[in-house]
Amino acid sequence: MGGAGQVGGERPGRLGVGVVGAGRVGAALGNALRAAGHALVGVSAVSAASRERAELFLPGVPVLEVPDVVERAELVLLTVPDDALVPLVTGLAEVGAWQGGQLVVHTSGRFGWRVLQPAVAAGAIPLALHPAMTFTGMSLDLARLADCCFAVTAPAPVLPIGQALVVEMGAEPVIVEEASRPLYHAALAHGANHLVTLVAESLDLLGAAGVEPAGRVLGPLLSAALDNALRQGDGALTGPVARGDAGTVAAHVDAIGASGVEGALATYRRLARDTADRALASGRLRPEAAQSLLEALADDAP
């Protein structure tokens, strides 16, 4: 395996890397591994968008069929959607594509290394490396890799290989146990994906209020709130729910309901209830104030 097991103070041996799936993640990670000195021996790209992305991020790398990519590679990087991962790994095992000593890396947040068992049965070395980052398909992704963490899940003897690969890409490895992968991934999706929905609804509400540019108004506030929340958790909470201002919350409910922004009222009510519960549990909100808030937030409230 070209010295893949050399870790610690030494750079791991240079590997021939094959990328299966030239999506946003595959293109960015393939680029990062090439920058670390590994050779890209092939990439699979089916759609026109993925072929264009491969050309942009992985110039000069031959575009091949998946079995050909696997045949050429010492390290196979599987960057396909979660639901496609099991059929892909199983199908390649059925045609005898996996090779003994080959590193097989997937980037799914949901799965640990055991999803690669069909490849392991053929002697491959399994690694699950998930970047805790959202990807845009633009060059910005490459810079963001240098400031993110990767969840590393692997059999104990090969954990150092996964950690070394992450460090080579300029990121920080964090070990996540096999059984904890679904909860780990749920936490990331809940925070990042639902944040996008929340911000988009807030932008729509500002637009309905005639406030422009909405992004300019929200940007500094949300940046400060996120920074404070990451530092202080529930201690960063401010606003009418934390103060127990049931009248203000009731006015919010009325205004959002009349705004015409679809879905925003249900989101506001649910998150305000959860916020009140957390503020009550942390002692920031008095029980009687919490009760008034919950009454104002009830689905049948006038």
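How much of the accessible surface of the chain belongs to carbon and sulfur atoms? In this predicted model, the share is 58% of an accessible surface of about 15,200 Å². Buried residues account for 40% of the 302 residues in the chain. Along the principal axes, the C-alpha atoms occupy a box of roughly 65 × 40 × 35 Å.

The chain holds 13 helices and seven strands. Contacts were considered between residues at least 6 apart in sequence. Of these, 60% link residues at least 24 apart.

Helix 8 was examined against two partners, helix 9 and helix 12. Helix 8 spans residues 181-208, and helix 9 spans residues 214-232. Their axes come within 9 Å of each other. The crossing angle is roughly 135 degrees. Helix 8 is therefore oblique to helix 9, since only angles over 145 degrees count as roughly antiparallel. The crossing of this pair is right-handed.

On the helix 8 side, the contact with helix 9 involves Val 199, Ser 202, Leu 203 and Leu 206. These residues meet Ala 214, Gly 215, Val 217, Leu 218 and Leu 222 of helix 9. By class, the contact comprises seven nonpolar and two polar residues. No charged residue takes part in the contact of helix 8 with helix 9.

Helix 8 passes helix 12 in a left-handed crossing.

Helix 8 contributes Leu 198, Glu 201 and Leu 205 to this second contact. Helix 12 contributes Ala 264, Thr 267 and Leu 271. The contact of helix 8 with helix 12 contains four nonpolar residues, one polar and one charged.

Helix 12 also carries Arg 270. The relative accessible area of Arg 270 is 51%. Arg 270 is therefore exposed, because the cut-off for that class is over 50%. Arg 270 and Ala 298 lie 28 residues apart along the chain. Their C-alpha atoms are separated by 9.5 Å.

Notes:
Residues numbered from 1 in each chain as written. Predicted model: local features only at pLDDT ≥ 70, side-chain atom pairs only at ≥ 80, totals over all residues. Heavy atoms only, no water. Axes fitted to C-alpha atoms, helices over the stretch in contact; angles between N-to-C directions. Helix = DSSP H or I, 4+ residues; strand = E, 2+ residues; numbered from the N terminus. Parallel < 35°, antiparallel > 145°, perpendicular 65-115°, else oblique. Left-handed = near helix turned anticlockwise from the far one by under 90°. Contact = heavy atoms within 4.5 Å. Nonpolar A, V, L, I, M, F, W, Y, C, P; charged D, E, K, R; others polar. Buried < 20%, exposed > 50% of the residue type's maximum accessible area, 1.4 Å probe, protein only. Areas by Shrake-Rupley, 256 points an atom, 1.4 Å probe, with all protein chains shown as cover.
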